[in-house]
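This report was prepared to accompany the structure shown below. Please keep the sequence and the model at hand while reading.

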Amino acid sequence: MPNNKMHYIITSITLGAIAASSALLISLTNLATRKQIDINEKNKINAGISEIFGENTEISKEYAIKDFKYTNYVYEVKREGESSEMFAFRTSGSNSYGKISLLVGFNYYQIPGGEEFEYVFSSISVIVNEQTYASTLVENYIDPVNDNKRNYEDVSCGATYGAKLIRDMINEAKEVTKTDFRKE
């Protein structure tokens with residue numbers, strides 16, 4: 001019997017050492033890669049802003065958004081030499097088919113004949129698309145929406161659940177435009 005107890009103690013110590021060294025290895029890997037992951041994410045966001053609003057655009061301000069399901073950040077975008085206002089709403093969501101993260105672009109225009117302004121949907125750019133039917137979603141929904149060949153409310157595309165999620169993200173971004181998100 002005493003020999004059996006020693007076997008259990010050695011097994012426990014060995015498994016504990018393996019778990020501790022695995023946790024240490026994961027932590028070190030995270031430390032080594034976190035900076036590059038953040039840089040890649042920033043580059044993807046900047047590329048998405050250029051995709052939505054064109055070249056020579058950059059983020060001038062960033063606003064963190066709370067109390068909304070999908071919308072996390074709003075980026076105020078400026079183009080060199082122009083005073084027009086453009087905004088990219090960063091949204092993230094998931095459904096049973098996977099995760100998706102987007103930039104939803106809006107231009108801020110003055111309503112003709114008045115002094116009021118309104119946000120007008122421009123297009124979307126994908127940051128992360130882990131949907132099961134990702135290529136179908138892009139080809140049959142995202143690309144046509146961006147080319148103004150499909151209304152974003154029309155979600156019947158072969159990847160309907162992904163399209164519904166994107167539609168909900170766009171509609172929520174529209175709701176955020178009605179708030180005072182620029183208040184710091």
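How many aromatic pairs are there in this structure? The count comes to 14 aromatic pairs.

## Aromatic pairs

A pair of aromatic rings is described by the distance of the centres and the angle of the planes. One of the pairs is formed by Tyr73 and Tyr75, with 6.3 Å from centre to centre and 15° between the planes. Planes under 30 degrees apart count as stacked, so the pair of Tyr73 and Tyr75 is a stacked one. Tyr73 has a relative accessible area of 32% and is partly exposed, whereas Tyr75, with 3%, is buried.

Phe89 and Phe106 make an aromatic pair of the edge-to-face kind, with centres 5.3 Å apart and an angle of 80° between the planes. This pair links distant parts of the chain: Phe89 belongs to strand E3 (residues 85–95) and Phe106 to strand E4 (residues 98–110), 17 residues apart. Both Phe89 and Phe106 are buried.

## An aromatic cluster and a charge over a ring

Phe89 and Phe106 are also members of one aromatic cluster. Over the face of Tyr108 lies Arg182, at 5.1 Å from the ring centre.

## Confidence of the prediction

The chain has a mean pLDDT of 91, and 98% of its residues reach 70 or more. Within the chain, confidence is lowest in strand E1 (residues 57–64), where the mean is 90. Confidence is highest in helix H3 (residues 160–177), at 95.

## Two packed helices

Two packed helices are described by the angle between their axes and the distance between the axes. Helix H2 (residues 134–146) packs with H3 at an angle of about 45°, and their axes are 10 Å apart. H2 and H3 are therefore oblique to each other. Their crossing is right-handed.

## Distances along the chain and in space

Which residue of helix H3 is considered here? Asp168 is found in helix H3 and is partly exposed, at 28% relative accessibility. In sequence, Asp168 and Gly93 are 75 residues apart; in space, the separation is 9.5 Å from C-alpha to C-alpha.

Ser101, in strand E4, is buried with a relative accessible area of 3%. Along the chain, Ser101 and Thr91 are 10 residues apart, and their C-alpha atoms are separated by 5.6 Å.

Ala19 has its place in helix H1 (residues 2–53) and is partly exposed, with a relative accessible area of 46%. From Ala19 to Cys157 there are 138 residues in sequence and 46 Å in space, C-alpha to C-alpha.

## Positive phi angles

Most residues other than glycine have a negative phi. Where does Asn56 lie, and is it buried or exposed? Asn56, whose phi is positive and near 60°, has its place in the loop between H1 and E1. With a relative accessible area of 60%, Asn56 is exposed.

Asp67 is not a glycine, yet its phi is positive, at about 70°. The loop between E1 and strand E2 (71–79) contains Asp67. Asp67 is exposed, with a relative accessible area of 79%.

Terms used
Residues numbered from 1 in each chain as written. Predicted model: local features only at pLDDT ≥ 70, side-chain atom pairs only at ≥ 80, totals over all residues. Heavy atoms only, no water. Phe/Tyr/Trp six-rings, centres within 6.5 Å; stacked < 30°, edge-to-face > 60°. Buried < 20%, exposed > 50% of the residue type's maximum accessible area, 1.4 Å probe, protein only. Helix = DSSP H or I, 4+ residues; strand = E, 2+ residues; numbered from the N terminus. Lys NZ or Arg CZ within 6 Å of the ring centre and 35° of its normal. pLDDT = per-residue confidence, 0-100. Axes fitted to C-alpha atoms, helices over the stretch in contact; angles between N-to-C directions. Parallel < 35°, antiparallel > 145°, perpendicular 65-115°, else oblique. Left-handed = near helix turned anticlockwise from the far one by under 90°.
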